[in-house]
Amino acid sequence: MDAHSTSTPAPLWLLAELTYRCPLHCAFCYNPVDFAQHDAELDTETWLRVIGEARKMGAAQIGFSGGEPLLRDDLETLVAHARGLGFYTNLITSGIGLNETRIADLKRAGLDHIQLSFQDSTRELNDFLTSTRTFERKQRVASLIKAHDYPMVLNCVLHRYNLPHVAQIIEMALEMGAEYLELANTQYYGWAMLNRAQLMPTAEQLREAEDIVNQYRARIGDRCRILFVVPDYFETRPKACMNGWGSVFLAVSPDGTALPCHAARSLPGLAFPNVRDTSLSDIWYASSGFNAYRGDAWMREPCRTCDERETDHGGCRCQAYLLTGDAAAADPVCAKSADHGKIEQAVKFARASASNTANKTEEQPLIFRSRENSVRFG
């Protein structure tokens, strides 16, 4: 057990965000809108040290993500180091840059798991949503993953544009031999928040898509496990974000800033240390940023006396800030929150916006993730 350990549990999951560089320009990317201001990437030796410190603390799983982690030439070195320490290793990728040589090298390095993203079941919409021509390349990568005996894990972020294609997306996953398909409805942070008016579906779209998912689940059984993650805005209780702030999840961003969730950098007034000059243990146990919303002492009403506070931990701090301007407020998703009307208003606006789009009136263009837009909106 680490020397700094107290009643605070050790982190179980380390997210190594190796780079914010990415060949795709997804309009719903969860990377910070101002990512261009944080592009001084950690070097290999620092990442090796951080991975070792996390494992010593008790972390058991590591995800390599970005941006696109395949843009790092040292990815295989980092995977091999993590696997040698006993981590379960996961690559979260668009697939762009994964070829026969690299996947073979990653296999030798001990990579356990690959999660491949698609944006839609058609080339036209997949390529539109990423502002790239990548659909056929992703298909080839899916074949490579199967050929190298990895479990096929596909991820597709859902929103107004592709929810009507859920059946086709599932059929694509089945044709590719996917064992798992994660249909993750857009969560509104980062670039998705910028594009919320254009991306948010109607309640009817969401309900129809979930009905289709349930029909497929009943029909295909264990052939493919389909996960359907409902967006917060359509719930009346918040999710247990990250299983609680500073509870099991620790992210290290490309520039070395350590975060209790990948969106926490957006919160004002919090100091998050950098792994370049502070040990991971000190960051996790002692830093003010990681302790800010641990437990329930920070909570106000209605959270403070709510009998669900140990289940949902007050909801998402980043969402509370984005919607109310106060990170310590109750997550407005909760029907008990005084700000729940903001959620209801956003859902009503989504219906009106979808109607305008269908009628070709008052259409707003998507803002695609790019360095130029990062400078503009950051």
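**Notebook: Ala 40 and the chain around it**

I looked up Ala 40 and found it partly exposed, at a relative accessible area of 45% (buried is under 20%, exposed over 50%, partly exposed in between, with a 1.4 Å probe and protein chains only). The model is predicted, so I note that local features need pLDDT of at least 70 and side-chain atom pairs pLDDT 80 or more, while totals for chains, interfaces and linings use all residues. Residues are numbered from 1 along each chain as its sequence is written, and side-chain values use heavy atoms, without hydrogens and water.

I placed Ala 40 in the loop between β1 (13-17) and α1 (44-57); helices (H or I, at least four residues) and strands (E, at least two) are DSSP runs, numbered from the N terminus. Beyond its neighbours within four places in sequence, I found Ala 40 in contact with Pro 254, Asp 255 and Arg 276, contact being heavy atoms within 4.5 Å. I also checked Gly 314, 274 residues along the chain from Ala 40: the two C-alpha atoms are 34 Å apart.

Next, the whole chain. I listed 15 helices and 9 strands. The radius of gyration is 21 Å, close to the 21 Å of the globule rule for 378 residues, so the chain is as compact as a globular protein of that length; the radius is taken over C-alpha atoms, and the rule is 2.2 Å times the number of residues to the power 0.38. The C-alpha trace spans about 60 × 55 × 45 Å along its principal axes. I noted 56% of the 378 residues as buried.
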